[in-house]
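Keep the 3D view open while reading.

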Amino acid sequence: MRSPVRRFFTVIVRVLLAAAVFGSTAAAPVNAQTPVPPPLPFAAKAQSVLRGMSPNARVGQLFGISYMGNDAAVLADLNELLISYRVGGVQLRAANQNFTNTPDVLRQVAELTNRLQIVASAQSFAEIPTLLQTSSSPTATQRLQETIPLFISLSQEGDGWPNSELTQGVSALPSQLAIGATWKPDYADQLGRMLGGELERIGINMLLGPVLDVLDSPRPGQPGDSGTRVFGGDPFWVGQFGAAFVAGAHLGSNNRLAVVAKNFPGLGGADRNVEDEIPTVQKSLEQLRSFDLAPFFALMQFDPKPEGKVNASRADGLLMTHIRYRGFQGNIRANTRPVSLDPQAYDALMKLPEISPWRAAGGVTFSDSLGLRSVRRYDDPTEKTFNARKVAQDAFVAGNDVLMLGNFAIHDSWSEQLANIKDTIVFFREQYSKDPQFAARVDAAVLRILSLKLRLYGGNPLLGSILVNVDRAAQLPKTDDPTTRQFADILNTVAKDGATLLSPSPRELPVLLPQPPGKDDVLVFLTDDRRIQECPKCGPYQAIGKTALQDIALKLYGPSTTGQLTPAKVSSFTFTELADGMRLTTTVPQSETGDVATVTISETLTTPRAISARVRPALEAATWIVIGMIDLKPGERSARMLKDFLDQRGDSLRDKKVIVFGMGPPYYLDATQISKITAYYGIYGRSPASLEAAVRVLFQEFVPTGSSPVTVGALNYVLSQQTTPNATQIIPLANTLLPQLPAGVAATLTPLVRATLPPTATATILQPKIGDKIKLSAGPVLDRNNRIVPDGTPVQFVLNFQTERIEQTLAAISTRNGIAETTLTLERKGRLDIRAESNEARISERVQVTIDDNNVGNIETIRPTVVPASPLPIPTATVLQKPTEPPTSTPIPPQPIPEPVRANFSSFVATLVLMLLLALLTMAVLSGSRRVILPDRWRAVLWSWIGGWLAYVLVAIGVPGTNSITKSLTWGGSVMVAVAAAIIIMIISILRRLVIAEQQQP
């Protein structure tokens, strides 16, 4: 009997073990898994191209260069770099005189990009003259010639030079800060489409931008001030605008434009200008993840797509900036090297779970310019030497795929830069031939580079498809063209919706400015006359024209239109003329050591006396003084003049309506200066559309609805407070009854699967009963500006069991796109009242669930009618704007309340050990009686095991009635139930066998 019993026992044990493991798996919470990144785009094609490349050609792909000039000698040097050194990319810059911003700049750039691509495709110098003869449009031969395209890049961040390289022929984009002030990411998408289409048309295939710095603590006048080059100071919103802009740029260019996000991992906390000195920031990696890196994470999302296709909002590359961190890995006394040159810091960033899938899917990293003064100073603080080889090698070994060799010498000498570029490439060639590990690293980087280049041209980069039609590119759009009108409308709308009333409050403004200027009013416009010079040989021009605001005002409201202005009563002066006419005194630096001297500005200026003599009388007669300022940076002479005017001649502004339009960041005026003006508006830019919006605000044509996207300390406007939930709102609370599925099936459904169930499937039960699940959706939760709160804002669901008079607050759920979702299982009869809270927002709609003694219930949503009597005060810089439409983002899968772990591997091991002990105990007890034969002993043990494991599995899969056990004991409940069942069956078996044996005894 022993052998059959043993075999039977073995089979039963195997079956029960499998069932137990299945139960443990089914009962464990199902977590969303990070999707496996898709393979490199056109991986097979890229591998094929790589195999056909010589070692020298592979090394050349690692380098992106910038060059100085555009004459014949420089172009000959460029030919050598592209053919002999096989350089893989070129950055174009107006400051380097690669082109000049004249009316024919589009033709210049289109011809230049064609020329660069043709030369890069040539196999020898002898081919260049023939190929360049037809550079204006592709020939039949070129249409069939396969090549490796160049990366041709430039920066175009908006708000004119120096943030944008092209200042003519293309749309005058607003600054990133002006876009952020609208709080509408859709505008970033539309502007990205405009820019993408314009750049693709002239042959630019790489955009260095947008900037994703998060400006949490503005430092007006300090080195490292970001100005208008940021979307704002909240990580969530910066990510939203960045993702929308990237998507627009991709779609507008038909995916022929690679977008490289700057400045990874973020310069928002830097207190130095990265071009002059490498900043050091005290932040750990975890702090960076929750703040500075969050916008970059938003640009790294992807879904499985067919080869060559990715999410439109996913950045193609990251520009690694030169920044150091103290406490990066937790040790506050340890400093990293600049992350662009530090292998450990770079590797730690690339291994983050939010970044590693992007990197594995072909994300390319670019070093910031390796010839910046900050890098040279880091290499040699005396700035007497520059080890170009070492800097480039450090950047590459750190992990950068593409090394940007801009300003690659100590002096601004193209010959010196050219020598360093050549020497560095030759050095890399030598390393490639001698070091197999270095060669493998080069091949891996080149594979990513090739994959991106192939994707830009659909996997088939024929020279003819890369070249652009110069005549088409050079055609300026006609003013009556529908596309032109559409672009103009977008620019005007963004400027209008971004305009912000910073001071006074919306309630006070009508009292201070009951009417706009009229024909009897005398207006004086004072304009910042800061001068811009795009290159050493370029002529300077004013950032804002002296009469720009006056001209727009007369055009819109002069005698030929509404007649609100009398031309003879309108005048304009620059800040320089203001300072000269008012004889202001100021402090100006005399040396780099910081020594200063007090002088009379009029002694240092050359304003004609006839103009300066008119300033004081004009200001005295003025009823309105309108000031257009960019900022108050200490290094700008015009900024010092305005500051000194407000500080020294503030008494001359009494009894006048003084309006200040901030054409730069809004945080430069202090509280005392703001107290001397009637109204302070944020315009955040100096584009034509921005200037027109300012004039329309002056004449009260519309009420500004924008809000500052950064903190303004002088107004007590703290962005982190503004983005918290508005305490006066009533949070919407929606509910959906989920289907009552069999427990074993329900446990296998992921939240994503549940979210995709059709409405008919989720409403099969009209009335709730015990065991049903309800999906609760709270939101959209609005902030103090009545816009959705950032992702991650905690929302708590409060359950009030009115029958038992018990209130339970569930664990906080983070919002996504303003909405927090969870699921709730109905487990008791009576009335359940559910509401939602988020920080100081304590009022919400209520979901009331009632289940009677017959297990029949109903659900009702109740909206409160009473608003809190004491709402939180709204800072003066805030303008409330009721959303006109609900968020249109992708539905969010519900986030179920974490259920207790019913069973896991620990519970299985514990149950197995206890069951073995019980089996031994059973055998020992029955062995004490000679009346129970051995087979009966084994039967008792087997029945005990079967009963115990069956009870374990039932608890593990969550059969009705077991929730209370697992809620209090978690996985220990399954162990206790299994052991208890085994003990009961063991006792019954022992007694039964003893009784049978007694009866069988003669």
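## Helix H2

Helix H2 (residues 43-51) buries Ala46, Val49 and Leu50. Buried means under 20% relative accessible area, exposed over 50%, partly exposed in between (1.4 Å probe, protein chains only).

Ala44 and Arg51 are exposed, on the face turned away from the buried side of H2. The cover over the buried residues includes helix H3 (55-60) and helix H18 (436-456). Contact here means heavy atoms within 4.5 Å.

## Basis

This is a predicted model: local features need pLDDT of at least 70, side-chain atom pairs count only at pLDDT 80 or more, and totals for chains, interfaces and linings use all residues. Residues are numbered from 1 along each chain as its sequence is written, and side-chain values use heavy atoms, leaving out hydrogens and water. Helices (H or I, at least four residues) and strands (E, at least two) are DSSP runs, numbered from the N terminus.

## The sheet

Eight strands make an open, parallel sheet, ordered E9-E7-E5-E4-E3-E2-E1-E10. Strands E9 (364-367) and E10 (403-405) are the edges, each pairing on one side only. Pairing requires at least two DSSP bridges between two strands. Strand E1 (residues 63-66) pairs with E10 over three bridges, in the parallel sense. Phe63 stands opposite Leu403 in E10.

## Helices on the sheet

Helix H17 (residues 414-434) lies across E1 and E10, at about 175 degrees to E1. Axes are lines fitted to C-alpha atoms, for helices over the stretch in contact; angles run from 0 to 180 degrees between N-to-C directions.
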